[in-house]
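Welcome, and take a moment to turn the model around before reading on. We will walk through it together, one part at a time.

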Amino acid sequence: MAIIISMKRILIVLLCFFVLATLAMAQSTSKSVIHIINVKWKDEATPEQIKAAVDAAHQLPSKYPGIKRVWTKNLKYQAQEGYKQAIVMEFESEDALKRYTDSPAQQWWYKIYLPVRDESHTHDIGN
């Protein structure tokens, strides 16, 4: 009887180890893509218009399922002169980022964002 209990414990430990190892591998092989937009706002853009564009960016994950998260709060921002804002979007995959181009969600956001954007530079980074 003691051998059966010991075998069960060993199997439970091995199963837990397998589950944890699988989770660790899944996290390390994530295929998400970070899309960074550095923005220079138009001189005539009002604070309300800029806020509307930034707030709209936060709504994108609900409008496009390929976007996992959006970050806009600058904690430290070192950019070229005139650039005041970073907008960062995390996409599920490179394919999700490609499909976002010209999607209804991007077109919706561009109606709010582009009228107040002077220039922007984007960087796409994967892992």
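This is a predicted model: local features need pLDDT of at least 70, side-chain atom pairs count only at pLDDT 80 or more; totals for chains, interfaces and linings use all residues.

Are α2 and α4 roughly parallel or roughly antiparallel to each other? The angle between α2 and α4 is about 175°, and their axes lie 9 Å apart. Angles over 145 degrees count as roughly antiparallel, so α2 and α4 are roughly antiparallel to each other.

You can pick out the residues that make this contact. From α2 come A52, A53, A56, A57, Q59, L60 and K63, while α4 brings A105, W108, W109, I112 and Y113. Sorted by class, the contact of α2 with α4 has 10 nonpolar residues, along with one polar and one charged.

Now step back to the chain that holds these helices. It contains four helices and four strands. Starting at the N terminus, the elements follow the order α-β-α-β-β-α-α-β.

Next, look inside. Of the 127 residues in the chain, 29% are buried. In soluble globular proteins, nonpolar side chains tend to be buried together. Here, the largest nonpolar core has 24 residues, and I87, M89, F91, Y100 and W109 are those with the most contacts inside it. Several elements each supply at least two residues of this core: the strands β1 (33-41), β2 (67-71) and β3 (85-91), and the helices α2 (47-63), α3 (94-100) and α4 (104-113). The most comes from α2, which gives six residues.

Setting aside its neighbours within four places in sequence, M89 is in contact with V33, I34, H35, I37, L60, I67, R69, V70, Y100 and W109. Two of these partners, L60 and W109, also take part in the contact between α2 and α4.

The chain has an accessible surface of about 9,000 Å², and carbon and sulfur atoms account for 60% of that. Although D102 is not a glycine, it has a positive phi of about 65°. Is D102 buried or exposed? Its relative accessibility is 58%, and exposed means over 50%, so D102 counts as exposed.

Definitions and conventions
Residues are numbered from 1 along each chain as its sequence is written. Side-chain values use heavy atoms; hydrogens and water are left out. Buried means under 20% relative accessible area, exposed over 50%, partly exposed in between (1.4 Å probe, protein chains only). Accessible areas come from the Shrake-Rupley method with a 1.4 Å probe; for residues, only the protein chains shown count as cover. A nonpolar core is a set of buried Ala, Val, Leu, Ile, Met, Phe, Trp, Tyr and Cys residues joined through side-chain atoms within 4.5 Å. Contact means heavy atoms within 4.5 Å. Axes are lines fitted to C-alpha atoms, for helices over the stretch in contact, and angles run from 0 to 180 degrees between N-to-C directions. Angles under 35 degrees count as roughly parallel, over 145 as roughly antiparallel, 65 to 115 as roughly perpendicular and the rest as oblique. Ala, Val, Leu, Ile, Met, Phe, Trp, Tyr, Cys and Pro count as nonpolar, Asp, Glu, Lys and Arg as charged, and the others, Gly among them, as polar.
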